[in-house]
Amino acid sequence: MKIIFAVLLVLAFSCNSSYTPKPTGYFKIDFPEREYRSFDEPGYPYTFEYPVYAEIVKDSTFFEDVPENPFWINVDFPQFNGRFYISYKDVKKNSFDKLVADAFNMAYKQHTLKASAIDDSLMHTGQGLSGIFFKLSGNAATGRQFFITDSINHFLRGALYFDATPNEDSLRIVNDFLETDMAHLINTLKWK
């Protein structure tokens, strides 16, 4: 009887708790101040500005093979575990139509299953270059991609990826922050 009374007493007092479920949250991210420096390496056919909190790393592998082009680089963001993959092609050595089709394929065909929306927009820079910027929504592997070209000699493609499981809710704020840096890179791009 004492045990039953003790159990009832515990149950009576436990029902008066003021527990409130908390919504799912994410880590607070402190973003650095925006400041840029120039990438102008000898031998490269392009130059641009990139953030001081990023590192340029020469791309040394392409799906376990050597990259087809020595001008492929990565702009790494170690504090975000993110990377802009930058690939360059000489239009005179490739079909311009195929380069554009490949860029659209990489944005649409590769990510249609996971992306809830893909918005593409035409862009023109002050340097007389044009291209397409792709903004992907949903849990796609990449949130931002672009290509930019003079359509005669040079074609540059970029894509932002994170070394993390795609989660639009947790990556949105970093995608938006790095989109500004991607736009700065695009608008300062010049061919040599």
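**Reading a sheet, a core and ring pairs**

Q: In what order do the 3 strands of the open sheet run, and is the pairing parallel or antiparallel?
A: In this predicted model, the order is 1-2-10, and the pairing is antiparallel. Strands of a sheet pair through backbone hydrogen bonds. Strand 1 (36-39) and strand 10 (190-191) each have a single partner strand, so one side of each lacks a neighbour in the sheet.

Q: How many bridges join strand 2 and strand 10?
A: Strand 2 (residues 46-51) pairs with strand 10 over 2 bridges. Thr47 stands opposite Lys190 of strand 10.

Q: Which residues touch the most other members of the largest nonpolar core?
A: Tyr46 and Phe146 do, in a core of 31 residues. Helix 3 (168-188) is among the elements that give two or more residues. Its share is the largest, at 7 residues. The contacts of Phe146 include Ile86, Met123, Leu156 and Met182.

Q: How is an aromatic pair described?
A: By the distance of the ring centres and the angle of the planes. The count here comes to 22 aromatic pairs. For Phe71 and Tyr88, the centres lie 5.8 Å apart with the planes at 80°, so this pair is edge-to-face. Phe71 is in the loop between strand 3 (55-58) and strand 4, and Tyr88 is in strand 5, so the pair ties together parts 17 residues apart in sequence.

Q: Are Phe71 and Tyr88 buried or partly exposed?
A: Phe71 is partly exposed, at 23% relative accessibility. Tyr88 is buried, at 4%.

Q: Which charged residue lies over the face of Phe177?
A: Arg34, at 3.9 Å from the ring centre.

Key. Residues numbered from 1 in each chain as written. Predicted model: local features only at pLDDT ≥ 70, side-chain atom pairs only at ≥ 80, totals over all residues. Heavy atoms only, no water. Pairing = 2+ DSSP bridges. Helix = DSSP H or I, 4+ residues; strand = E, 2+ residues; numbered from the N terminus. Core = buried A, V, L, I, M, F, W, Y, C linked by side-chain atoms within 4.5 Å. Buried < 20%, exposed > 50% of the residue type's maximum accessible area, 1.4 Å probe, protein only. Contact = heavy atoms within 4.5 Å. Phe/Tyr/Trp six-rings, centres within 6.5 Å; stacked < 30°, edge-to-face > 60°. Lys NZ or Arg CZ within 6 Å of the ring centre and 35° of its normal. Lists of a residue's contacts leave out its neighbours within four places in sequence.
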